[in-house]
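Please look through the structure below before reading on. The paragraphs that follow move from one local feature to the next.

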Amino acid sequence: MSISPLMPVYPRTAFRPVRGDHCHLIGEDGKRYLDFAAGIAVNILGHSHEGLIGAIQQQAATLMHVSNLYGSPHQEQLAQRLVDLTFADTVFFTNSGAEAVECAIKTARAYHQHVGNLDKFELITFRNAFHGRTMATVSASDQDKMHKGFLPLLPGFKYVDFDDLEGVKAAMGPNTAGFLVEPIQGEGGIKPASDEFMKGLRQLADDNDLMLVLDEVQCGYGRCGTFYAYEQYGIEPDVLATAKGIGGGFPLGACMATEKAARGMGFATHGSTYGGNPLAMAAGEAVLDVVGHASFFAQVRETGERLRSRLEQFIGNYPDMFELVRGRGLMLGVKMKVEPRPFVAHLRDNHQLLTVSAGDHTLRLVPPLVIDESHIDEFMDKLSAGAASYSVVEVA
Ligand SMILES: *Cc1c(COP(=O)(O)O)cnc(C)c1O
């Protein structure tokens, strides 16, 4: 037998984290790593937030899981808070981002099918998008590397260039049900959509009675300096998928919708065994207690601006390595002129700094949202040292 007991779908690193300490991870080797990856934009409160730990411990000892057949004060409470803070009138809780997007796709289709519009099943989606790894969510992305080996794809998605409103108009037809878009592409390379694009999609949806579905799994939940990124575009979606930061590390996601958009999601149309169980709700409440305040978002914007200006100054020192900085809040990407992957490995293995690569040659920085000046200083020190040693060894 040559296959590992663990299905080898991830090319895992030699670094094996075993403990978290606020914005650092401690490896099996005992070394401390500064974590600007945060489980890929998940651990927004860092790794050892007392409020989150306490809430999970207490709920685990009280009631961990019950069926969604029963009434749920826990879900009602968190759903109400999300409704109060957003465009949404109603919320379905999931265990992951892909499931949240999956529910959002079903909601958009059901909106039309509920009134007998059986032709309107197609969502226009965008090149280099990432929506998850289920069959529907890989079908929603144009990326061949996620399709290979898994054909046939699910029908009902049409790919258009990101940020190309004219392309969207040209792709629209009698089957169009709506649009599914990340306001700021994450895996695609930390690329914010333009104002005109997002406003244009909203207008097209309004004019043609279509669903604007946002995938804010990565860019939402305070990451970009507002609760959700759509707020920065002056629009509201019909449906939105959220996950990653919402549980602060506990598996949790949600599909949120307006009353109108959710008209097809009646009794027995959808479900999940674990979705929204009391333990997940306790984690979600504890995270929202910290995150759900204007002052928290202001702090993210301020910290993000400081990190961004330090980065912009810094990349000028290495014009052969770095091209530009993009993103919003604490979702930042440095576009590189060299392959980012080996540089990410170099920063990790030689400087104990954790980052993530993304598409379009991007070094992705998605730290905990609770970093302070000391973490920015430590980050810049490690990045400088990493770039200095890298440019000598690998690039020159
Ligand atoms: C991570 C991500 C997903 C998938 O979330 P999972 O929890 O891995 O299923 C979907 N959409 C976006 C934009 C993401 O970044």
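**A walk through the predicted model**

Ala-38 has a relative accessibility of 0% and so counts as buried, the cut-off being under 20%. This is a predicted model, and the values given here are computed from it. Ala-38 is placed in helix H1, which spans residues 38–41. Its phi is near 50°, a positive value in a residue that is not glycine. Helix H1 also holds Ala-41, where phi is again positive, at about 65°, although Ala-41 is not a glycine either. With a relative accessibility of 2%, Ala-41 is buried. These backbone values are worth noting because most residues other than glycine have a negative phi.

Another backbone feature is found at Leu-151 and Pro-152, which are joined by a cis peptide bond with omega of about 0°. Pro-152 belongs to the loop that runs between helix H6 (144–147) and strand E6 (157–160).

Next comes an open sheet. Four strands form it in the order E1-E2-E3-E15, and the pairing is mixed. Strand E1 (17–21) and strand E15 (353–354) are at the edges; each has a single partner strand, so one side of each lacks a neighbour in the sheet. The partner strands E1 and E2 are antiparallel and share four bridges. One of the residues involved is Pro-17, whose bridge partner in E2 is Gly-27.

Strand E2 covers residues 24–27 and includes His-24. Is His-24 buried or exposed? Its relative accessible area is 8%, which is under 20%, so His-24 is buried. Leaving aside residues up to four places away in sequence, His-24 touches Arg-19, Arg-32, Tyr-33, Leu-34, Asp-35, His-47, His-375 and Glu-378. With Arg-32, the His-24 side chain makes a polar contact of 3.3 Å, side chain to side chain.

Six of its six residues are buried, so E14 is largely enclosed by the rest of the structure. In a regular strand, side chains alternate between the two faces of the sheet. In E14, Met-331, Gly-333 and Lys-335 point one way, while Leu-332, Val-334 and Met-336 point the other way, and all of them are buried.

Which strands pair with E14? Strand E13 (residues 322–328) pairs with E14 in the antiparallel sense over six bridges. Arg-328 has Met-331 as its bridge partner in E14. The hairpin of E13 and E14 has two residues between the strands, and in this hairpin Gly-329 takes a positive phi near 55°. Strand E17 (residues 362–365) also runs antiparallel to E14, joined to E14 by four bridges. Here Val-334 has Leu-363 as its bridge partner in E17.

The last stop is the second largest pocket, with a volume of about 750 Å³. It is lined by 28 residues, of which Gln-75, Thr-90, Val-91, Phe-92 and Met-265 are the closest to its centre. At least two lining residues come from each of helix H3 (73–85), strand E4 (90–94), helix H4 (97–113) and strand E12 (253–257). Helix H3 gives the most to this lining, with five residues. By type, the lining is made up of 14 nonpolar, twelve polar and two charged residues.

Terms used
Residues numbered from 1 in each chain as written. Predicted model: local features only at pLDDT ≥ 70, side-chain atom pairs only at ≥ 80, totals over all residues. Heavy atoms only, no water. Buried < 20%, exposed > 50% of the residue type's maximum accessible area, 1.4 Å probe, protein only. Polar contact = N/O pair within 3.5 Å; in protein donor to acceptor, adjacent residues only side chain to side chain. Contact = heavy atoms within 4.5 Å. Pairing = 2+ DSSP bridges. 1 Å grid on protein atoms, 1.4 Å probe; cavity = no way out; pocket = protein on both sides within 12 Å on 5 of 7 lines; lining within 4 Å. Points joined across faces, edges and corners; volume = space filled by probe spheres on them. Nonpolar A, V, L, I, M, F, W, Y, C, P; charged D, E, K, R; others polar.
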